[in-house]
Every structure is written in structure tokens, then in C-alpha cells.
Amino acid sequence: MERVADISKLVYRHKQGGQFRWVTVSVLLLAIGAILHLVSPSVAGVTPNWVIATYCVAIQLTRPTYKQAVGIGLVAALITLMTSKSAFPYGNLASEPIAALFCALLVHGQARFAFVGEKTLAIISGFFTTVLSGAIFVTLLFFIMHLPLTVYLFGMWPLVLVVALCNAVVTPLIYMPAHHFFEKQGFVADRKEEETSHANYDLKPASQALISVEHVTYYYGSSKSSAIKDVSLVVNKGDFLVITGPAGCGKSTICQAMVGAVPQFYGGQMQGMVFVEGQAVTQTTIPKLAMHVGFVPADYDSTLVTMTVEEEIAFAMENRGYDPARITSRIDQVLTQVGLKGLEKRTITGLSGGQRQRLAIGAVLATNPEILVLDEPTSSLDPAGTSELYELVGRLNKEEGITLVVVDHNLQAVLPYANRAILVMDGEIVKDASMLDTLTYMYEERLYTDALPSLFVGYMQLKAAGYAGQAPWICVADALEDIRGEVPTYVKG
Amino acid sequence: MNATFMPFTKILLTFAVAFWAILFDDPLYLLGLAAFVFVLLLTAGIVKVQGKAVGMLVVFAIILGLVQYVGGGSLDSAYVTALRMLCMTWIFLLLLVSTSLQDLTAALVTQCKIPYAYAFMFTAALRFVPDFVAESKAVQEAQACRGADHSGSFLKRMKSYLYVIQPLLLKSLGRSEMMALALELRGFGNEDHSFVSNVTMRAQDYVVTILLAVITIGFVYLVF
Amino acid sequence: MLRVSDVAFGYVPEQTLFKDVSFTIESGEFLAVGGRNGCGKTTITRLLVGLETPRTGRIFYNDTDITGWTPAKRSQYIGYVFQQPDRQMFRPTVAQEVAFGPEQQGYSRAEVKEITAQALERVRLSDKADAYPPLLHRGEKQRVAIASALAMQSEILILDEPTSGQDGTETKELLGLLQSLRKDGLAIVLITHDMEIIASQCSRVLVMGNQTKAFDGSPEELFTKRDDLEALGLERPACVSLSMAVPSLGYCASMEEFTKRMITYKQQGGR
């Protein structure tokens, strides 16, 4: 084992993108395919086969293995059965997996024919995949139902070809903008990059805190400028820590680093190290870290993947092989914790935005993490929802002893609950102190003052003029007390 | 029905009935089989709650029978086609409607040995369907407020349809990355997977399974 | 300019969301629409743009009855910025995105180009004309959506909770932009939960509640005279509460105004 003298010099590189992009892209595209199928315009019943078009796009975008492609086809068949009441389900179960496999063959074969561009490939795969799928379907129907040959040849086959032509048109129309989006976001599927291993290092944190971020500098993907620079901080047990700063300052990157998503999911290059309960994040995996640190992103909606509330809470526990009895009792506890008791069987679609967010928090709490990291939790909530949310997480912090890290720019709402606040400007930590000290610092140094609660600014201005008491105004009641207490003495004086 | 038999038993029944339907060439046998499936639908309460779907499949079977007849088949062969179609689709409807998605997934993975990732993808996609329906409505509204007209000829409708698809597509691709991270965070892909749903076969399931096997052998013997 | 006359509406026949709603919107107004969740504040604006049809009552634009018009036809008069601006974006560049509306309206290529350039200029996004919309910041996406609405050449701009999720700086910029558009003669209609914004920015407030229009008047009147604010799902902003605690201070529409007056007041009181 090699010791590291200066942790700030330690470099780690990782490939961009996790292992499940093919899963999520296929899921989302197939869901779109299913909807398009239901409402597509048609002429005399002829319409493109949107489900085939969408799995062709998914396969071309994410280039899955052959086995995975067969799986995508199987999923497509099952979805067709469930959503459009397929006229002949057995046909789909055979045709889609085979056609999807064929599509993957075409996509992987592109490497040998360099002259075939992305758009041409989309046209070719859109057409031939549909022909193959249709051919298998009608042939099965023909044999099983003993249909007349004339119907098969002059009724069914022309229909297959017309639908395939429609798909040859719509597949590239879906694929090209999707490809453009992937390129712009830097999600190019087959980029070869060197990866670093830290297996041979003996990495020990400088602090025994729950999380210790030590001299971290991080570059996303192939970016030349760093998202965060030499960031060091600790999260202590029982903390309610707020990280704030202007849009794009790197506050979200810091919280992604605490869950290992930076660098293990987003790739790029990291210097320095993050330790979670003494464990270096480069020497473990994201799922293992998640047992200690629960993470709810700003876009919490994307994390909800099941049909009903109770399944969502069970998801992480099922994935980790928990005993069914233990899962059932834990669902009960967690739903009580987040205030969703009684909604076990409700579908996620039927929940309000605030309820979905609490569900996302509950789903993360299910596996009992000691730390909860929330990235911009109030960005899609109204003021009432915001105060409800902070009441909930404040309670988790106070009563259940869960350590909290929250990224937010709404400081008024979090003010009564947080014990510490960190201000990040341009990728660097400029202040790490108690909530009120950080606010005071921001006010005095004129840093990100737009985020300061207006009550606090009012207090500071009046105090500077000598007309306010010693205690800062946290809420209107404080201010009123202060003013009411003062005004009469003034009138007298 | 839901509580009486495990999903795997129902899957076996579905494929057994489909096999019998293919085996029989006599309209009378098929009529008997269709009656049997109808009784199952009736006892499971599906005729009541999904009457429309049950009826639609009848219409569809009749159309296929007509195609057979018009395409040059005999009257007998038209009956066979229509009834066979009816048996095969009705029994599938029984499987889908009487099994909860959660139980079906558990059975697909534990008993049909389909890898969990695919079973997950299937349920997850269905979870997003209603969300995306709402989303596409919102996109259409936003575009209507910018002067887009979603009516006109087929080509025009198709074009404006693509206008709706594209924002939906970009939004869902934007979601895919966070969703992939969330899956990793929640331990997706772990070898050791458990299910809350208990789909282990019970005594009555084994009885039905054995019964299905015996009947199938009997039918094969009868036909050949 | 826009006149709503005796409108009633409900999503399902058995339920009436609101009835007897009448009001007007004049150019140069900065109108806030507030109220409890589910009281119909978004719905009333959906009626204005034609996304819903009133059960009874009419809507007029400069005395033309537009009740039966489609949203597409009304878009030339009324622009709508939805809550999630990225929902509608789908074109490869900002300029093309903004051009979608005028293209649908049937302008020539040169006209579309000019209208687009003007709209981007007004929201100060000309330098981002060729940028890829999904990569923009939250505040910029919001401005693209506003430019898209401006490109319709409409005279009324409705925004559904545009400040939700935006931080202090973004909110300040957005409000500055809306004020400048208002000075150009546009009527701004803002659906919002933010009491400080209602007090400091808006010339008039419309509150939906009790299944009808519960209030229509100045923010000052709303926050100082109404004693049913909580029942309406509203809250008195801190600056107003504080100014009311010092009776001789007068109504303060913002915290800034309060501290300024308070300091003057105290200085005078000291003398």
C-alpha cells in the first residue's frame, strides 16, 4: 500500500456516464413510443409503428450489447401488450426481441461501413427492423390462424412494407435531435478514456468527521476549467449544513462529490479526496456510499421509477436483497416519517409535486443513511410547500439525528433550521460559519446579497443606523417585537 | 382469482390454452374451449370490469374470420380462425387483468428467469406513460399559445405531431441521466434481489399445473 | 383592452370552480393574480388565452368577442409563459426557437428574422441567438420563453409563477425586465405566490377565492384593509407588517422603503 503525502496532488480520472444509461434511455423512449402509439394521426388505419421506432432510436443512441438489445425488444413487446391491447400478443413476444437484436446488429455493424452516417443508419434500421418485426408477426399469424395465402401475400405484406416506409421516415426524425442532444451534453457513447485506480493507495482522512472533503478540485468531462477549486470542508454528526451561492458557482458539484457521483458517475478529473465515514470515495462504489449518504437531486421526479408509493420505498431495499418482512415494516416507518402514511397504494402519477418530493426523500431514507444530501429541494415548491419541507427535514435532523446537507438559495426558509452555512463563489468556499455569521459576512462583504432574506437586510441596515436590537430578525415576529419595543421609547425620547 | 392462484400458474394456463387452441382444428372443440375461457373470465369478474375489452376481442375475432372467408377459405375454416383468435386473446386478457404488475414482475424474474433489469424496464416505462401523456398535453398547449394549429391534412397533422414529440423527447433524454444515477444510488443491478410480493407456488398451484399437463397430454393423444 | 365579463367555469359539470368573475386588463398594467392553490388563479389565465372555455360569460378584446377563438388565434394579442419554460423548447438554436411563433403566424422569412431579432434584443439575449436551448441557464431559458411570447407581438404577457425556482439574482433581473416591458406599454399579468413581489412590483392585484373573484384592487388596499388574508391563502409581507406597527410611517411596499423611512422617522423622532 502506498501512502499519499499531499492529498491535494492526488489525481483521479473516470469515464463519463454510469452503467445504466441504456436502461433509462430505453425506458423513457419506449414510454414515449407507447403514448405516440395511442394518439398518432393515421390514414386508413396506417400509422408508423412508434414503439419500434423508439427502440431503434434507443439502440442506436446507447449501443447496448446484443443480450441487452434482446431485452429491450422483450420490454417493447410487453409494453405493446399492456398499452395497446395487441391484437395478437404471442406475435409481439416473438417479433420484437428478434427485430431489436437485428437492429443492434445493424448498429454495431456501422463500424465496418464508415460511409454510413448516423442519419442513413437511422433510416436503414428504421426500415429493416420494422420489416423484420412485421414479417415475423404476420407469418406467425398466417400459420397459426391458417389464413389464406392471398390474404397473407396481398393484404398483410403490403401493409408491413407501408408501415416500414413510415418508420424509415420517422425514425431519423426522432433520432437526429436526440443524437444532437447527446452530443451537446457530451454523452457520446463510445469514448475511450484512461481510468485511474486508487486500489493501491492507503488513503486516510485528515478528519474523523462523517464527511471530510479535502482539497478537492474537479473538472467535468473534457472541460478545461474547474467546477470547484481546492474545496475543503467537513460535515459533522448532527449538522444541518446549508451550501449556498450564485447559479453555477459549483454548490451542486460539491454535493455530488459527497455521494460519489463526482467523479464516479459524471467522469472527468478530480484532485484531492472526499472521505465518507473514513472511506475514500474512489475506493468504493456509488451504491455502497449510498448506504451512508442519501441523495435527493433537484430533479427529484426523475428518481421515481415505480408505479406506487410503497413500491418506490421498497425499491432500494429489494435491490439490496432485504428480507420481505423487514421491507414491509420499514415501508411503514418511512411513510410515517415523511408524512405519507395512508397513501401506500397510490400511484405516483396521482401525487402532488410536494408529495412526490417527500416520497423521493422517503425512498432514500429506506436504507437508513446517516446523512441526507438535498440539492435545491425548494426549487419547484411554493412558499407553503417550502416551509412544510423544511419543517420535515428539520424534524428528521432534530428528532431522528439525521445529518443534513442542503443546497439552497432560499435562505429565509432554511434560516430557522440550519446551524451552519457555507458560501460558495466561483467554485471556491469563501465562508464556512454559523448561519448568522455567514449571512452577516455576505451582507458586509456585499457577496451574493440578492439571496439575503429581506428581513435580515432590513435588520442590518437599521442596526447600522443604530435603531435595532442585538438579536437579528429571523422571522416577522422577532422584527415586530424589536420595533414595538423600541418605538415607544423613541416617542418618549 | 387474483388471490387464488399465483401469477406463474396463470402464465402456464395462458400458454396451455393457446397451445390447445392451436391444436384443435374442429370448430366445436374450439367453441367449447372459448366457452371455458369465458367462464374463467366471468368467475374472475373480468367480464364486468373489462367488458369493453372482452367485446372488442370478439369483434376482432369476427373480422379475422370474415377475412378468412372472403379471402377464399371455407365457412368451417372461418369459424376455426375466429374462435382460435378469440381463445388466444381472451386468455391473455385474463392473465393481464387478473395479475398485479408487481406480482407479474416478481413471477417473470423468479420463475420465468427473465433478468430483473428487463422486468424493471417494463414496469418503469409504464410508470412514465401517464406522466408523458400529461406532458404532451402541456407541450401542445404551449405551442397553441404560440400560434400552432394542430389540425389540417394528414401531412400537416403529422408535422405538428412531430413538433410535440421533440420537446417530449428532449425532456425525457434530459431526465435519463439523473435517473441512471438514481438507479446506481439505489443499488440497482445488485445480484441479490428480493421481492416484497410472495409468488411462491402453493398446493393448489401445483394441482392446477399437473392438471394442465395431464389435459394437454390427453388433448394431444385425442387429436393425433 | 381585455375585458372578462361574468365568467363561470368548472372542470367537471358537478363542480363550479368560480363564477361571476368580471375584470379588465389595461395596457401598462402590472397585474398580480394570487390566491390559494386550487382556487383557480391559473385557470382564470387559461381562460384568457383560450386553453379553457368558460361555462358562461364572455371575453372581449377591444370590444371584439374572442370567447370562441382558439389559443392560436388569440396568440397575436396574448402571450403566455408557462411555469416550466423548457417544456416547450425543441429547436436547435435560441433564434429558431423564438421564430416558431411568427412562422406559425405566416410571416415571411425576412419578417420572421426581424421579429426574432427584436424579441431577443428586448430580453437581452441577442448574444445567445445561436446557442443550444437545453444548455442555457435557468434564468436564460426563462428569457427565451419570454422572447417567444414577445415574438407573437402580443400586447398582454401572462407569466405563470415565473420566479419559482429562480434565485434572488435571477428574480431581480426578471422583474427588471418585466418592468421595462411594461414601460413599453405591455400589460403584464403575473401569477404568483410571492407576497413581496406583489407588494413591491404590481400596480394591481386580483385574488381568486371563495369560488369567485375575492379581491381586485391595489396591493396597499389588499394588505392593509383585508382581514381575511389567511383565508385567501395570502400573507401580509414583512415590510407591510412592520410599517403597520409604526402607524405614522405610512404604507411601505418593500423592505428597502421600510428601512429608509424608519431611519428618517427615527432621526426626526430623535430631534
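User: Thanks! What radius of gyration does chain B have, beside that of a compact globule of 224 residues?
Analyst: Keep in mind that this is a predicted model. The C-alpha trace of chain B spans about 65 × 55 × 30 Å along its principal axes. A compact globule of 224 residues would come out near 17 Å, but the radius of gyration of chain B is 23 Å.

User: Which elements make up chain B, helices or strands?
Analyst: Reading from the N terminus, the elements run α-α-α-α-α-α-α-α-α. Chain B has zero strands, and its helices number nine.

User: Where are the two domains of chain B, and how many Å separate their centres?
Analyst: The domain assignment gives domain 1 of chain B two stretches, 7–108 + 199–223. Domain 2 of chain B covers 114–185. Taken over C-alpha atoms, the centres of these two domains are separated by 34 Å.

User: How many Å should helix α5 of chain B span, and how far apart are its end C-alpha atoms?
Analyst: Helix α5 of chain B takes in residues 75–98, which is 24 residues. At 1.5 Å a residue, the helix should span 34 Å. That agrees with the model, because the end C-alpha atoms are apart by 34 Å.

User: Why is α5(B) described as largely enclosed by the rest of the structure?
Analyst: A residue counts as buried if 20 or more other C-beta atoms lie within 10 Å of its own. Across chain B, 46% of the 224 residues count as buried. α5(B) is largely enclosed because, of its 24 residues, the number buried is 18.

User: What does V75(A) touch, leaving out residues up to four places away in sequence?
Analyst: In chain A, V75(A) touches S26(A) and L30(A). In chain B, the residues touched by V75(A) are Y118(B), M121(B), F122(B) and A125(B).

User: How many helices and strands does chain A have, and what percentage of its residues count as buried?
Analyst: Chain A has 17 helices and 13 strands. Its C-alpha trace spans about 105 × 55 × 45 Å along the principal axes. Of the 493 residues in chain A, the part that counts as buried is 52%.

User: Where does chain C touch chain B, and which element gives the largest share of the side of chain C?
Analyst: The contact takes 17 residues from chain B and 19 residues from chain C. On the side of chain C, the elements that give two or more residues are α2 (71–74) and α3 (94–104). The largest share, three residues, is from α3(C).

User: How many residues of domain 1 of chain C are in contact with domain 2 of chain C, and what are their classes?
Analyst: Eight residues of domain 1 of chain C are in contact with seven residues of domain 2 of chain C. On the side of domain 1, α7 (195–201) and α8 (219–225) of chain C each supply at least two residues. By class, that side has four nonpolar, two polar and two charged residues.

Technical notes:
Residues numbered from 1 in each chain as written. Chains lettered and ligands numbered in written order. Predicted model: local features only at pLDDT ≥ 70, side-chain atom pairs only at ≥ 80, totals over all residues. Contact = placed C-beta atoms within 7 Å. Helix = DSSP H or I, 4+ residues; strand = E, 2+ residues; numbered from the N terminus. Rg over C-alpha atoms; globule rule 2.2 N^0.38 Å. Buried ≥ 20, exposed ≤ 12 C-beta atoms within 10 Å, placed from the backbone. Expected span 1.5 Å × (residues − 1). Nonpolar A, V, L, I, M, F, W, Y, C, P; charged D, E, K, R; others polar. Domains from an automatic or database assignment.
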